[in-house]
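Dear colleague,

Here is the structure I promised to hand over to you. Please open it beside this message, and then read on for my notes on what was found in it.

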Amino acid sequence: MPESQLTKKLAFAICEYLSDSIKAGTIKEDDAEGIEVAIQCIGEAFGVDVSDRDLSIKPDTLASIFEKHLESAPAKKAVSPEDQQKAEALKGQGNKAMAERKYKEAIDLYTQAIALHPTNAVFYGNRAAAYSQIGDHSKAVEDSKQALQIDPDYSKAYSRMAHGYFCMNKYAEAVDAYEKGIKLDPTNESMQKSLSVARSKLASSTSSSESSRQATPMDESPTVPAGGTGGLPSMPPGMDFASMLGNPQFMNMASQMMNNPALSGLMDNPHIAQM
């Protein structure tokens, strides 16, 4: 089935589920109007006609498919106390390697700890710090995100994610991550200072980008033909026209000449203008 058709069927299934929930009374009467608006919005967003029964997945329902998925999904393996203890020992060795600036060794040790205890957010956060130390900031961001999936309240993971984004010059993402981290840890002065720097960089990069769009770069200026300067006579050998334009004394002299009434009158002469 084409992906576009699959997307429409999924959108329709969501609308159908919401509609059936209204009819079944599982949604409060006061909320029903809002849900009906939501159904219309979903239909418009995905180009789905909510009355098109050809898109229906019945007799299956979204709820029944979800239930089947949960039943078939493999149960998460519980981490034994022994594995937890080994993982903590590996983390300790990784921390020692970090203190000794043996960052690649630390990454390997944290990776071993994760293999034994994959639901420990701290292991991912520590490995993110090690990745940052060797300049692999994209992996640092990935590990920080993984840590936050495990523990959304792990503020240090936001700090390390923000640092990774900052080092990749993604200042908007860095600001967002720092702000989320500070919400969880409002007294963290280090994150507050880093947020201030990230905001400054974001403002600077934004203004620089605006300026570059408004200004014409020098290398995009019209090219002067080899034989001369357009309507001007060819420059004598040894004279650099670009350098003359960059000379403030020359430009000041040229400005005075152009403002001279006599010269202005001369330029009004049709014979001169056609030269």
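Asn-169 lies in the loop between helix H8 (155–167) and helix H9 (171–184), where helices are DSSP runs of H or I with at least four residues, numbered from the N terminus. Although Asn-169 is not a glycine, its phi is positive, at about 65°, and with a relative accessible area of 53% the residue is exposed (buried means under 20% relative accessible area, exposed over 50%, and partly exposed in between, with a 1.4 Å probe and protein chains only).

Before you go further, please keep in mind that this is a predicted model, in which local features need pLDDT of at least 70 and side-chain atom pairs count only at pLDDT 80 or more, while totals for chains, interfaces and linings use all residues. Residues are numbered from 1 along each chain as its sequence is written, and side-chain values use heavy atoms, with hydrogens and water left out.

Another loop, the one between helix H4 (81–99) and helix H5 (103–116), holds Arg-101, a residue other than glycine whose phi is positive, near 65°. Arg-101 is exposed, its relative accessible area being 68%.

In the loop between helix H2 (29–45) and helix H3 (62–72) you will find Pro-59, and the peptide bond that leads from Lys-58 to Pro-59 is cis, with omega near 20°.

How many aromatic pairs does a search of the whole structure find? The search finds one, counting rings of Phe, Tyr and Trp (its six-membered ring) as a pair if their centres lie within 6.5 Å, with planes under 30 degrees apart called stacked, over 60 edge-to-face and the rest tilted. The pair joins Phe-166 and Tyr-171, whose ring centres are 5.3 Å apart and whose planes stand at 65°, so it is edge-to-face. Phe-166 is partly exposed at 23% relative accessibility, whereas Tyr-171 is buried at 13%.

Finally, there are the cysteines to consider. A disulfide is a covalent bond between the sulfur atoms of two cysteines, and the rule used here asks for a pair of cysteine sulfur atoms within 2.5 Å; by this rule the count is zero. For the sulfur of Cys-15, the closest cysteine sulfur is that of Cys-41, 9.7 Å away, which is too far for a bond. Cys-15 is buried, at 3% relative accessibility, while Cys-41 is partly exposed, with a relative accessible area of 44%.

Terms used: Helices (H or I, at least four residues) and strands (E, at least two) are DSSP runs, numbered from the N terminus.
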